[in-house]
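Here is a friendly briefing to read alongside the model. Take a look at the structure, then go through the notes below.

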Amino acid sequence: CSRSEGWNLPLIEAMACGVPVIGGDSPGIRELVAHQDTGYLCDTSPEGIRAAITSVLGDKALRNRLASNGREFAVTSFSLDRVVNMELELYSSLM
C-alpha cells in the first residue's frame, strides 16, 4: 500500500481479474476504490494493512462482493474501447 498514486494500474488489473483489492486510503487510490464496494481501503501502517487483510480474508461475503463489484467497475470503466477513446479525446484537446 502506497501513500499516494497517480495511476494505479495494478489495482485496475487485479479488479479486472476478479480479485478483491486492498489499497491504502491515500490520494489516487481512494479516487479509484470505493471502500467495501469495489475494494477495501486501509491505513498504510503495517497494523492498518494487517487489519484490512484480516477483514477481507475473514469475510467470504465481503471478498465475493469486492471481487464482483471491482471486476464490473474495471470492465465498465477501463475497457479497451473506453480507454482508447479517452486517450484520443486527450490528444485532440492538446492539439
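**Salt bridge and surface notes**

Asp 25 and Arg 30 join their side chains in a salt bridge, with an N to O distance of 2.9 Å; the term stands for a side-chain nitrogen of Lys or Arg within 4 Å of a carboxyl oxygen of Asp or Glu. This is a predicted model, in which local features need pLDDT of at least 70 and side-chain atom pairs count only at pLDDT 80 or more, while totals for chains, interfaces and linings use all residues. Residues are numbered from 1 along each chain as its sequence is written, and side-chain values use heavy atoms, with hydrogens and water left out.

**The salt bridge**
- One salt bridge turns up when the whole structure is searched.
- Asp 25 is partly exposed at 41% relative accessibility (buried is under 20% relative accessible area, exposed over 50%, partly exposed in between, with a 1.4 Å probe and protein chains only).
- Its partner Arg 30 is partly exposed too, with a relative accessible area of 39%.

**The nonpolar patch**
- Leu 80, Val 84, Leu 88, Leu 90, Tyr 91, Leu 94 and Met 95 make a nonpolar surface patch of about 830 Å².
- Such patches take residues with over 30% relative accessible area and no salt bridge, joining like charges within 9 Å and nonpolar side chains (Val, Leu, Ile, Met, Phe, Trp, Tyr) within 5 Å.
- Leu 94 belongs to helix H4 (residues 80-94) and is exposed, at 64% relative accessible area.

**Glu 13**
- Glu 13 is partly exposed, with 45% relative accessibility.

Note on methods: Accessible areas come from the Shrake-Rupley method with a 1.4 Å probe; for residues, only the protein chains shown count as cover. Helices (H or I, at least four residues) and strands (E, at least two) are DSSP runs, numbered from the N terminus.
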